[in-house]
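The questions below go through one protein chain, from single residues to the overall fold. Each answer ends on the value or name asked for.

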Amino acid sequence: WYLLFTFLTLSFFTFYGCMIVSLCAIPELALLFLATSYGLWFVFAGFFISEPLMPRWWFWLHWLDPLSYALYGLIGSQLSNVYDDFVTLPDGTMQTVSAYVESSMSLEYSFIGSAAGILAGFIIGFWLIYLFATIRLNFNKR
């Protein structure tokens, strides 16, 4: 799963960049959109603020964020099925790594395949918009 999610993550960043550049008339505007959207993606992905701690009015942005599915797959594929190792919590209790990941980040191993499909859907959507913009839009001035 890890290699698949690494490939999908690199692909969606690449195709998103291609899509934005093909939709903008000048490269500076594309850079502005990319920097803004990447910043918002990183805030709402669930890495800085995990899903259980996220305010409810941000929750829909978390599920619209393709980076959240990438992080879900990358972290979940590596840690959600570890039952042999234990984590000591600040209150002194011990939990398995998989139980800790499920309680602190709401990552379930059974959703990893769905996250891969959703991420592939984002990639196909970015690619189709890029293809349409490349064929139909023309920013040449005469």
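Contact means heavy atoms within 4.5 Å. The model is predicted.

Q: Leaving aside neighbours within four places in sequence, with which residues is tryptophan 63 in contact?
A: Tryptophan 63 lies in helix H3, which covers residues 59-64. Once its neighbours within four places in sequence are set aside, the residues in contact with tryptophan 63 are Glu51, Tyr69 and Phe111.

Q: Is tryptophan 63 buried, partly exposed or exposed?
A: Buried requires under 20% relative accessible area, and exposed requires over 50%. Tryptophan 63 has a relative accessibility of 28%, so the class is partly exposed.

Q: How far apart in space are tryptophan 63 and phenylalanine 126, C-alpha to C-alpha?
A: Along the sequence, tryptophan 63 and phenylalanine 126 are 63 residues apart. In space, their C-alpha to C-alpha distance is 17 Å.

Q: Which residues are in contact with phenylalanine 122, leaving aside its neighbours within four places in sequence?
A: Phenylalanine 122 belongs to helix H6 and, at 22% relative accessibility, counts as partly exposed. The C-alpha atoms of phenylalanine 122 and leucine 64 are separated by 9.8 Å, although the two are 58 residues apart along the chain. With neighbours within four places in sequence left aside, phenylalanine 122 is in contact with Leu64, Pro66 and Tyr69.

Q: By class, how many nonpolar, polar and charged residues are in the contact of H4 with H6?
A: H4 and H6 have axes 9 Å apart and pack at an angle of about 145 degrees, in a left-handed crossing. H4 contributes Pro66, Tyr69, Ala70, Tyr72, Gly76 and Ser77, while H6 contributes Ile112, Ala115, Ile118, Leu119, Phe122 and Phe126. By class these are ten nonpolar, two polar and no charged residues.

Q: How do the residues of the contact of H1 with H2 divide into nonpolar, polar and charged?
A: The axes of H1 and H2 come within 9 Å and cross at roughly 145 degrees, and the crossing is right-handed. On the H1 side the contact is made by Phe12, Phe13, Tyr16, Gly17, Ile20 and Val21; on the H2 side, by Ala30, Phe33, Leu34, Ser37, Tyr38, Trp41 and Phe42. The division is eleven nonpolar, two polar and no charged.

Q: Which residues have the most contacts inside the largest nonpolar core?
A: This core has 27 residues. Helices H1 (2-23), H2 (27-44), H4 (66-79), H5 (97-105) and H6 (112-136) each supply at least two residues of the core. The residues with the most contacts inside the core are Phe12, Tyr16, Ile20, Leu67 and Leu119.

Q: Leaving aside neighbours within four places in sequence, what is phenylalanine 12 in contact with?
A: Phenylalanine 12 is among the residues with the most contacts inside the largest nonpolar core, and it also takes part in the contact of H1 with H2. Beyond its neighbours within four places in sequence, phenylalanine 12 is in contact with Trp41, Pro66, Leu67, Ala70, Leu119, Ile123 and Phe126.

Q: What is the radius of gyration of the protein?
A: The protein has six helices and two strands, in the order α-α-α-α-β-β-α-α from the N terminus. The C-alpha trace spans about 70 × 30 × 20 Å along its principal axes. The globule rule gives 14 Å for 142 residues; the protein is more spread out than a compact globule because its radius of gyration is well over that, at 18 Å.

Methods: Residues numbered from 1 in each chain as written. Predicted model: local features only at pLDDT ≥ 70, side-chain atom pairs only at ≥ 80, totals over all residues. Heavy atoms only, no water. Core = buried A, V, L, I, M, F, W, Y, C linked by side-chain atoms within 4.5 Å. Buried < 20%, exposed > 50% of the residue type's maximum accessible area, 1.4 Å probe, protein only. Helix = DSSP H or I, 4+ residues; strand = E, 2+ residues; numbered from the N terminus. Axes fitted to C-alpha atoms, helices over the stretch in contact; angles between N-to-C directions. Left-handed = near helix turned anticlockwise from the far one by under 90°. Nonpolar A, V, L, I, M, F, W, Y, C, P; charged D, E, K, R; others polar. Rg over C-alpha atoms; globule rule 2.2 N^0.38 Å.
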